[in-house]
Amino acid sequence: QVQLMESGGGSVQAGGSLRLSCSYAGVAFRMGWFRQAPGKEREGVAVYTAIAQTNYANSVKGRFTISKDSAKMTLYLQMNSLLPEDTAMYYCAADDRSPGALGLEDDLFTYWGQGTQVTVSS
């Protein structure tokens, strides 16, 4: 019942910035960004709850910012000071059952976008 579409990925040199966008339709109490690099497990990057609480993976704290524009029905991930280890496919996800959860685990996120590739070169 929730449709998601990511955009904004691309290639950037280390130290650069990108802003990812996720357009959504439907009820999404809690949303998040996840990423997966080849050969690696999918990991939670940031979560945005129904009451605008946020949580970040330690690896991106201070560099990434998750936000939402409800009027535009769009979730954002501003990524600054990008590092080569940030290279991954980034996915937007939505959870319509646990509005206040702050965990970065992906098990409660049942709606997923197709992903947008982020590549950071040295």
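**View A. Phenylalanine 34 counts as buried, at 2% relative accessibility.** Here, buried means under 20% relative accessible area, exposed means over 50%, and partly exposed covers the range in between (1.4 Å probe, protein chains only). The model is predicted, so local features need pLDDT of at least 70 and side-chain atom pairs count only at pLDDT 80 or more, whereas totals for chains, interfaces and linings use all residues. Residues are numbered from 1 along each chain as its sequence is written, and side-chain values use heavy atoms, with hydrogens and water left out.

The structure holds 2 aromatic pairs. Rings of Phe, Tyr and Trp (its six-membered ring) pair if their centres lie within 6.5 Å; planes under 30 degrees apart count as stacked, over 60 as edge-to-face and the rest as tilted. Phenylalanine 34 and phenylalanine 109 form an edge-to-face pair, with 5.0 Å from centre to centre and 70 degrees between the planes. Phenylalanine 34 lies in strand S4 and phenylalanine 109 in the loop between strand S9 (88-95) and strand S10 (111-112), so this pair ties together parts that are 75 residues apart in sequence. Strands (E, at least two residues) and helices (H or I, at least four residues) are DSSP runs numbered from the N terminus. Phenylalanine 34 and phenylalanine 109 are both buried.

**View B. Phenylalanine 34 also forms an aromatic pair with tryptophan 112.** This pair is tilted, at 5.0 Å centre to centre with 55 degrees between the planes. It links distant parts of the chain, since phenylalanine 34 belongs to strand S4 and tryptophan 112 to strand S10, 78 residues apart. Tryptophan 112 is partly exposed, at 25% relative accessibility. Arginine 42 lies over the face of tryptophan 112, at 3.9 Å from the ring centre. A charge sits over a ring if NZ of Lys or CZ of Arg is within 6 Å of the ring centre and within 35 degrees of the ring normal.

**View C. Arginine 30 is buried, with a relative accessible area of 1%.** Arginine 30 is part of strand S4, which spans residues 30-36. Its side chain reaches the backbone oxygen of serine 98 at 3.1 Å. The side chain of arginine 30 also reaches the backbone oxygen of glycine 103, at 3.2 Å. A polar contact is a pair of N or O atoms within 3.5 Å; within protein, one must be able to donate a hydrogen and the other to accept it, and residues adjacent in sequence count only if both atoms are side-chain atoms. Leaving aside residues up to four places away in sequence, arginine 30 touches Val47, Tyr48, Thr49, Ala93, Ala94, Asp95, Ser98, Pro99, Ala101, Gly103, Leu108 and Phe109. Contact means heavy atoms within 4.5 Å. Phe109, listed among the contacts of arginine 30, is the ring that pairs edge-to-face with phenylalanine 34.

View D. Two strands pair if DSSP finds at least two bridges between them.

Strands S1 and S3 run antiparallel and are joined by 5 bridges; leucine 4 stands opposite tyrosine 24 in S3. Strand S3 (residues 18-25) is joined to strand S8 (residues 74-79) by 6 bridges, also antiparallel. Serine 21 has tyrosine 76 as its bridge partner in S8, and arginine 19 stands opposite glutamine 78 in S8.

**View E. Strands S7 and S8 form a hairpin with 4 residues between them.** The two strands pair in the antiparallel sense over 6 bridges. Threonine 65 stands opposite glutamine 78 in S8. In the turn, methionine 73 has a positive phi of about 50 degrees.

**View F. Alanine 52 and serine 81 each have a positive phi.** Most residues other than glycine have a negative phi. In alanine 52, phi is near 65 degrees. Alanine 52 lies in the loop between strand S5 (43-48) and strand S6 (54-56), and it is partly exposed at 45% relative accessibility. In serine 81, phi is about 50 degrees. Serine 81 belongs to the loop between S8 and S9, where it is partly exposed, with a relative accessible area of 41%.
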